[in-house]
Amino acid sequence: LRFVRPSIETSKPGKKGGERGIIESISKRAMTVLYASEMAEQRMRHEKMQLEGNVFRALFDVSVNVEMGATGRPTAYRITQVHTVIEDDGGDDLLDG
């Protein structure tokens, strides 16, 4: 998961917050990030606070349930567990060439 719009505000588990993220293996589109439990949300908040780099460049290895809309397209990610965080090492950007 890569955040495109993080939020430091606390929301109730299962309720929409301001966070949006992308999991490219599921969809290239940014979707709402929800938390299945308060524990999952607290762990994510802790991991974001521990980052030394830019939260927008970090990758979060998470377990998610994908919420589907009436059309069968993904609409939100419900995080059930946070496993690891891969921080940007500040090296060359792969897109540069």
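This is a predicted model: local features need pLDDT of at least 70, side-chain atom pairs count only at pLDDT 80 or more; totals for chains, interfaces and linings use all residues.
Colleague: How is an aromatic pair described?

Modeller: A pair of aromatic rings is described by the distance of the centres and the angle of the planes. This structure holds one such pair. Phenylalanine 3 and phenylalanine 60 are its members, with 5.2 Å from centre to centre and 80° between the planes, which is edge-to-face.

Colleague: Which strands do phenylalanine 3 and phenylalanine 60 lie in?

Modeller: Phenylalanine 3 is in strand β1 (residues 2-5) and phenylalanine 60 in strand β4, so the pair ties together parts that are 57 residues apart in sequence.

Colleague: Are phenylalanine 3 and phenylalanine 60 buried or exposed?

Modeller: Both phenylalanine 3 and phenylalanine 60 are buried.

Colleague: In a regular strand, where do the side chains go?

Modeller: They alternate between the two faces of the sheet. As for the strands here, β4 runs antiparallel to β5 (residues 74-86), and 10 bridges join the two. Within this pairing, valine 64 stands opposite isoleucine 79 of β5.

Colleague: What lies between the strands in the hairpin of β4 and β5?

Modeller: Five residues lie between the strands, and glycine 72 in this hairpin takes a positive phi near 90°. Methionine 68 belongs to β4, which covers residues 59-68. Together with Ile26 and Val66, Met68 makes a nonpolar surface patch of about 230 Å².

Colleague: How many salt bridges does the structure hold?

Modeller: It holds five. One of them joins glutamate 67 to arginine 78, with the closest N and O atoms 2.8 Å apart. Glutamate 67 lies in β4 and arginine 78 in β5, so this pair ties together parts that are 11 residues apart in sequence. Glutamate 67 is partly exposed, at a relative accessible area of 27%, whereas arginine 78 counts as buried because its relative accessibility is 18%, under the 20% cut-off.

Colleague: Which residue does arginine 2 meet in a salt bridge?

Modeller: The side chain of arginine 2 meets that of glutamate 24, at 3.9 Å from N to O. Arginine 2 is in strand β1 and glutamate 24 in the loop between β2 (20-23) and β3 (27-35), 22 residues apart.

Colleague: Where does glutamate 47 sit?

Modeller: Glutamate 47 is in helix α1 (residues 38-50). Its side chain forms a salt bridge with that of arginine 43, 2.9 Å from N to O.

Colleague: What does glutamate 47 touch beyond residues up to four places away in sequence?

Modeller: Glutamate 47 touches Phe60, Val82 and Val85. Glutamate 47 is buried, with a relative accessible area of 17%, while arginine 43 is partly exposed at 32%.

Definitions and conventions. Residues are numbered from 1 along each chain as its sequence is written. Side-chain values use heavy atoms; hydrogens and water are left out. Helices (H or I, at least four residues) and strands (E, at least two) are DSSP runs, numbered from the N terminus. Buried means under 20% relative accessible area, exposed over 50%, partly exposed in between (1.4 Å probe, protein chains only). Contact means heavy atoms within 4.5 Å. Patches are made of residues with over 30% relative accessible area and no salt bridge: like charges are joined within 9 Å, nonpolar side chains (Val, Leu, Ile, Met, Phe, Trp, Tyr) within 5 Å. Accessible areas come from the Shrake-Rupley method with a 1.4 Å probe; for residues, only the protein chains shown count as cover. A salt bridge is a side-chain nitrogen of Lys or Arg within 4 Å of a carboxyl oxygen of Asp or Glu. Two strands pair if DSSP finds at least two bridges between them. Rings of Phe, Tyr and Trp (its six-membered ring) pair if their centres lie within 6.5 Å; planes under 30 degrees apart count as stacked, over 60 as edge-to-face and the rest as tilted.
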